[in-house]
Amino acid sequence: MSTPGFPFSAVVGHDDLRLALLLNAVHPGVGGVLVRGEKGTAKSTAVRALAALLPALAVVPGCRFGCDPGEPDPDCPDGPHGGAARETRPARLVELPVGATEDRLVGSLDLERALSEGVRAYQPGLLADAHRGVLYVDEVNLLHDHLVDLLLDAAAMGRAHVERDGVSVSHAARFLLVGTMNPEEGELRPQLLDRFGLAVEVRAARDVDTRVEVVRRRLAFEADPAGFAAKWHAADADTAERIVAAQARVAAVVLPDAELRRIASVCAAFDVDGMRADLVIARAAVAHAAWRGADAVAEEDVRVAARLALPHRRRRDPFDEPGVDDQALDDALRDAADPEDPPEPPDGGGDGDGGGAPPPDAGPQDSAGRPRPSGDGPSQTAPPPGTPFKARLLQVPGLGEGAPGKRSRARTDTGRVVRASDAAPRRASDVHLPASIVAAAPHQLARGRDGRLLLRHDDLRAAVREGREGNLVLFAVDASGSMAARSRMAAVTGAVLSLLRDAYERRDKVGLVSFRAAGAELLLPPTSSVPAAQARLTGLRTGGRTPLADGLLRARRVLAVERLRDPRRRALLVLLTDGRATVAARPGNDPVRDACRAAELLAADGVATVVVDCERGPVRLGLAGQVAIAAGGMLVGVGELSADHIAGVVHAVRAA
């Protein structure tokens with residue numbers, strides 16, 4: 001007998017999470033739930049508990065796509081389904097692992113049947129398994145973008161379309177999509193965020209009594225799962241009955257024109273892109289009205305739906321924080337009720353006077369809240385970054401095998417085919433057909449060919465594909481006194497910010513090392529959270545001497561540790577400095593020579609380095625160039641980091 005799962009009704013707190021899951025269970029057209037939160041906050045527990053509450057399904061016996069006997073899919077690949085035969089099974093919870101392939105998600109050619117029987121048969125994927133159930137994606141932010149696109153397309157249309165490996169199939173794929181993510185491990189692109197219907201933020205309670213109750217219930221469940229589940233059975237049964245009743249009522253719920261105008265007004269007030277937010281709020285409001293047993297949508301339903309549907313749609317930039325201010329939402333709802341008083345776009349809080357609490361990671365402060373110098377020598381906060389720009393592509397040379405991304409060349413499971421390999425293909429999509437035919441051709445006479453090509457397993461050749469990988473981009477920023485001139489430091493931090501945006505788009509991990517005064521400091525260990533790097537950059541301290549050698553050695557130690565943690569992810573070191581080292585690695589040594597020796601050690605480790613020369617003025621020593629030569633890296637000026645600058649040079653050369 002299987003061990004019962006943790007009851008849905010026993011989850012402590014997380015009211016928004018539970019409500020968002022329930023609204024999607026009532027009306028799958030809402031479009032799924034994205035659950036953002038720190039680790040260890042019962043995200044997965046709540047999702048699995050909800051799946052156990054969903055009503056059992058009547059299905060056609062033997063149908064791999066879970067067709068409803070009352071309304072079978074006329075295009076079902078296992079159809080047509082005639083007769084009244086039926087069987088009942090629980091709604092499925094299908095989990096999509098981070099390492100899943102496109103074949104596993106959407107299905108592919110059944111290679112065994114193709115070879116043994118000579119038929120073109122379709123092997124269903126996880127989208128077929130999840131039909132009429134729950135599709136759960138843990139760490140959805142770590143899933144490759146093209147897989148997220150496929151998921152969200154199927155969730156939005158209620159069908160999966162497969163055109164691959166000579167197979168053309170369309171089947172129903174209606175499911176409750178739930179994705180969870182830890183923002184510390186990296187963000188989803190705003191375009192993908194918008195595709196999720198609702199989003200909730202989950203944090204561990206800071207209230208002591210609540211934390212005590214969480215631990216008490218968890219320990220009680222682990223000690224006696226069956227007894228704990230029995231204790232909460234009545235509450236879970238009541239919730240399950242409410243879900244069934246709301247599902248039956250939702251089609252009859254009326255959305256009055258007044259509430260529809262309120263929805264449109266709120267979305268316009270918050271300046272969200274497109275019309276998806278309006279549709280999601282309308283569906284979620286209808287679902288909420290059905291959940292509370294009402295016949296028509298009211299203002300309270302619109303407020304609940306907007307609070308769950310708008311937070312992740314306000315992001316215009318990778319560094320924007322998702323969220324909706326409750327007061328701004330109340331104001332927008334109130335203004336929507338009074339057409340004579342048109343609403344103003346909310347500014348997300350604050351009166352613009354710069355007051356309030358200091359930003360996170362803004363560095364040490366004195367009792368009056370002013371920045372307090374830290375480290376050796378004079379210190380000041382770096383000026384605001386200069387205007388960001390579209391950065392040029394900086395790559396790691398060679399061919400890697402790292403995580404999927406968009407920066408450097410790599411061998412990947414997807415991408416263009418560059419050659420064939422004698423290795424056995426793992427999947428149908430891995431077969432290099434021309435090479436396989438060439439390998440089988442000399443043996444056709446001996447095999448008794450009777451008009452069709454006779455293939456065997458040992459004839460198959462695998463396609464070697466080349467795509468792009470994500471890298472670890474470690475920034476080493478010279479924050480010393482020679483760089484502290486306001487205009488120069490603004491240009492440097494603006495360049496780093498631009499490169500961080502580029503790293504976000506290319507799915508890189510990033511880290512940040514700063515060096516000034518007496519030594520170097522790791523401001524941000526390597527992470528997939530690019531916004532965290534931007535926050536550290538905001539609090540950068542400047543001034544003091546230039547320990548360039550120490551900065552390079554610190555970067556080398558960081559990269560050595562990361563090679564042990566993730567040996568397949570190649571690193572790119574981006575050093576921003578004027579090269580004017582004034583602190584040696586050892587007393588009595590020449591600071592510039594020590595910096596070059598440290599750069600040579602990085603080159604010996606195989607680290608790809610880009611040195612950004614920040615030197616300005618009529619007198620230039622060219623010391624950054626010496627460091628670049630020692631590192632075996634590329635030297636560029638700050639102005640040369642812009643993609644527009646490179647395009648301008650190319651156009652000028654072509655014109656000449």
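This is a predicted model: local features need pLDDT of at least 70, side-chain atom pairs count only at pLDDT 80 or more; totals for chains, interfaces and linings use all residues.
**View 1. Helix H11 packs against helix H12.**
Helix H11, which covers residues 257-269, and helix H12, which covers residues 276-291, have axes that come within 9 Å and cross at roughly 140°. Because an angle of this kind is neither in the roughly perpendicular range of 65 to 115 degrees nor over 145 degrees, H11 is described as oblique to H12. The crossing in which H11 passes H12 is right-handed. On the side of H11 the contact is formed by Ile263, Ala264 and Cys267, and on the side of H12 by Ala277, Asp278, Ile281 and Ala282. Sorted by class, the residues of this contact between H11 and H12 comprise six nonpolar and one charged, with no polar residue.

**View 2. Helix H1 crosses helix H12.**
Here helix H1, made of residues 15-26, meets H12, and their axes come within 9 Å while crossing at roughly 95°. The two helices, H1 and H12, are therefore roughly perpendicular to each other. From H1 the residues Leu19, Leu22, Leu23 and Val26 take part in the contact, and from H12 the residues Ala284, Ala287, His288, Ala290 and Trp291. The contact of H1 with H12 holds eight nonpolar residues and one polar residue, but no charged ones.

**View 3. Helix H1 also crosses helix H13.**
The axis of H1 and that of helix H13, which spans residues 299-309, come within 11 Å and cross at roughly 105°. This angle makes H1 roughly perpendicular to H13. In the contact, Asp16, Leu19, Ala20 and Leu23 of H1 meet Val304, Arg307 and Leu308 of H13. Five of the residues in the contact of H1 with H13 are nonpolar and two are charged, while none is polar. Leu19 and Leu23 of H1 can be found both in the contact with H12 and in the contact with H13.

**View 4. The second largest pocket is lined by 50 residues.**
The space in this second largest pocket amounts to about 1,200 Å³. Among the 50 lining residues, those that lie nearest the centre of the pocket are His144, Gly402, Ala403, Pro404 and Asp413. At least two lining residues come from each of helix H6 (145-157), strand E13 (404-421), strand E14 (462-469) and helix H16 (486-505). Strand E13 gives the most to the lining of this pocket, contributing nine residues. When the lining of the second largest pocket is divided by class, there are 16 nonpolar, 14 polar and 20 charged residues.

**View 5. The largest cavity has a volume of about 50 Å³.**
Rolling a probe the size of a water molecule over the atoms shows where empty space is left. When the whole structure is searched, one cavity of 30 Å³ or more is found. The residues that line the largest cavity are Leu394, Arg407, Val473, Phe475, Leu499, Asp502, Leu572 and Val574. Strand E15 (472-478), helix H16 and strand E19 (571-577) each provide at least two residues of this lining. By class, the lining of the largest cavity consists of six nonpolar and two charged residues, with no polar ones.

Definitions and conventions. Residues are numbered from 1 along each chain as its sequence is written. Side-chain values use heavy atoms; hydrogens and water are left out. Axes are lines fitted to C-alpha atoms, for helices over the stretch in contact, and angles run from 0 to 180 degrees between N-to-C directions. Helices (H or I, at least four residues) and strands (E, at least two) are DSSP runs, numbered from the N terminus. Angles under 35 degrees count as roughly parallel, over 145 as roughly antiparallel, 65 to 115 as roughly perpendicular and the rest as oblique. A crossing is left-handed if the near helix is turned anticlockwise from the far one by less than a right angle, and right-handed if clockwise. Contact means heavy atoms within 4.5 Å. Ala, Val, Leu, Ile, Met, Phe, Trp, Tyr, Cys and Pro count as nonpolar, Asp, Glu, Lys and Arg as charged, and the others, Gly among them, as polar. On a 1 Å grid over the protein atoms alone, a cavity is a set of points where a 1.4 Å probe fits but cannot get out, and a pocket is an open set with protein on both sides within 12 Å along at least five of seven lines; lining residues have an atom within 4 Å of a point. Grid points are joined across faces, edges and corners, and a volume is the space filled by probe spheres set on the points.
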